[in-house]
Amino acid sequence: MATGTFAEKGADLELVGIQKRFPGFTAIESLDLFIPEGSFFALLGPSGCGKTTTLRLVAGLEEPTAGRILIGGKDVTSTKPFQRPVNTVFQSYALFPHMTVLENVAFGLRRRSIASPVEKAHEALRLVELDHLAARKPGSLSGGQQQRVALARAIVNRPALLLLDEPLGALDLKLRRQMQLELKDIQTEVGLTFLHVTHDQEEAMTMADTIAVMNKGQIEQMGAPEELYELPRTAFVANFLGQSNLFTGQVSGTTPDALTVALGSASITVPVARAPRRSGTVTVGVRPEKLTLLTSAPVAEAGRNVLGSGRVVDVSFSGVSTQYVIAIPGAGDVVVFAQNMVFGPVVHVGAEVWVSWAVEHGFGLEDAPDEVAAGVHDAAVAAGLDDSGFDSEPALEKA
């Protein structure tokens with residue numbers, strides 16, 4: 001990545017008691033959020049969760065019903081959009097087709113009578129490695145190149161805060177993954193604060209330092225990508241950010257280190273440190289890739305959970321891995337992701353199998369038992385999946 005003088009720090013962003021009501025519904029219930037300067041922060045959630053409304057409030061395109069917005073410690077709640085140190089990169093690029101790439105990037109600088117607009121525009125284009133295309137029109141560029149031009153146009157104004165509204169949604173999968181890494185590199189180099197709004201879980205986890213998962217106008221959980229994935233606190237987060245096997249049962253025993261949950265005739269153990277609810281009926285989970293698929297009954301082993309036997313009811317090949325769905329009495333359908341180390345599936349539909357996993361890979365949920373089913377359903381619908389984890393009709397409506 002080319003170097004330049006784009007090293008000014010971003011500003012922190014603080015939302016205090018933000019509420020946004022529209023006629024007939026409330027988009028944001030009560031939102032408190034602090035984003036440190038220079039960070040890459042992602043608001044992740046399904047359509048209708050309030051993430052885009054939050055971005056529009058920060059940009060000044062909407063006014064909050066209640067609450068305050070502070071950028072760099074300055075209250076900008078009543079400030080006009082053009083008076084805020086903010087720029088937005090949209091999915092649609094919004095480039096002027098009759099202007100060259102250089103003219104597009106320099107446009108805002110010229111309107112504000114900033115000195116040396118052409119020099120600054122060239123510098124921004126070098127940052128996104130497109131200065132050699134400065135004389136071209138946007139229509140002759142690929143989608144990825146157009147997105148870089150839109151990014152250069154936003155960065156050249158040196159905003160303290162850059163808002164990214166589903167910026168990669170129009171790109172194909174391979175280009176989207178490439179741009180994810182490049183965006184992260186650019187953010188690190190320019191030192192600005194990036195607020196990225198997306199419904200794409202992989203995109204958020206690839207780029208963001210911190211992710212806030214939104215659901216129904218509120219932040220369900222916030223933290224580093226690894227923390228949210230490895231230790232989700234609610235059923236919604238566990239199933240929206242990837243997939244999870246969730247088991248609900250009665251606590252049958254505890255030690256200082258572990259919690260045992262009865263599951264039919266079987267029992268599973270989870271570390272106490274990873275289980276916020278420790279008595280009564282609780283829900284514990286494990287990610288599908290943490291499970292090992294076994295074709296014979298395993299010998300009991302300390303530190304490992306075992307469920308089975310069960311029957312394979314579905315096998316789905318996805319390239320890197322194969323997904324197995326196993327019906328296990330007392331546990332329901334259990335999903336296993338197995339890396340493809342050999343040609344073809346390890347087992348086929350109808351096979352008798354067992355599953356096991358390390359106790360340390362399990363996690364408990366904060367949800368009360370009656371909240372878990374609702375959280376699973378909401379996350380599955382939001383992600384375009386049915387409750388089994390397979391693509392369903394709502395996927396067509398995913399935005």
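Select helix α2 to begin: the cover over its buried residues includes α3 (117-127) and α4 (143-155), where cover rests on contact, meaning heavy atoms within 4.5 Å. The model is predicted, so local features need pLDDT of at least 70, side-chain atom pairs count only at pLDDT 80 or more, and totals for chains, interfaces and linings use all residues. Residues are numbered from 1 along each chain as its sequence is written, and side-chain values use heavy atoms, with hydrogens and water left out.

**Helix α2.** Helices (H or I, at least four residues) and strands (E, at least two) are DSSP runs, numbered from the N terminus. Within α2 (residues 101-111), colour Val 101, Leu 102, Asn 104, Val 105, Ala 106 and Leu 109, which are buried. Buried means under 20% relative accessible area, exposed over 50%, and partly exposed in between (1.4 Å probe, protein chains only). An α-helix has 3.6 residues a turn, so residues three or four places apart point the same way. After α2, select Ser 113, whose phi is positive, near 55°.

**Salt bridges.** A salt bridge is a side-chain nitrogen of Lys or Arg within 4 Å of a carboxyl oxygen of Asp or Glu; by this rule the count comes to 11. Show next the side chains of Glu 202 and Arg 177, which form a salt bridge at 3.3 Å, N to O. Because Glu 202 belongs to helix α6 (residues 201-207) and Arg 177 to helix α5 (residues 173-190), this pair ties together parts 25 residues apart in sequence.

Move on to Lys 184 and Asp 209, whose side chains meet in a salt bridge of 2.7 Å, N to O. Lys 184 is in helix α5 and Asp 209 is in the loop between α6 and β9 (210-215). Is Lys 184 buried or exposed? With 19% relative accessibility, Lys 184 counts as buried, whereas Asp 209, at 34%, is partly exposed.

**Around Asp 367.** Select Asp 367, in the loop between β20 (363-364) and α9 (369-382). Asp 367 is buried yet has no salt bridge, and the nearest side chain of opposite charge, Arg 277, is 7.8 Å away; Lys and Arg count as positive and Asp and Glu as negative, while His and the chain ends are not counted. What lies 2.7 Å from a polar atom of the Asp 367 side chain? The backbone nitrogen of Ala 235 does.

**Final stop.** Select Val 346, in the loop between β18 (332-339) and β19 (352-358). Val 346 counts as exposed because its relative accessibility is 56%.

Technical notes. Polar contact = N/O pair within 3.5 Å; in protein donor to acceptor, adjacent residues only side chain to side chain.
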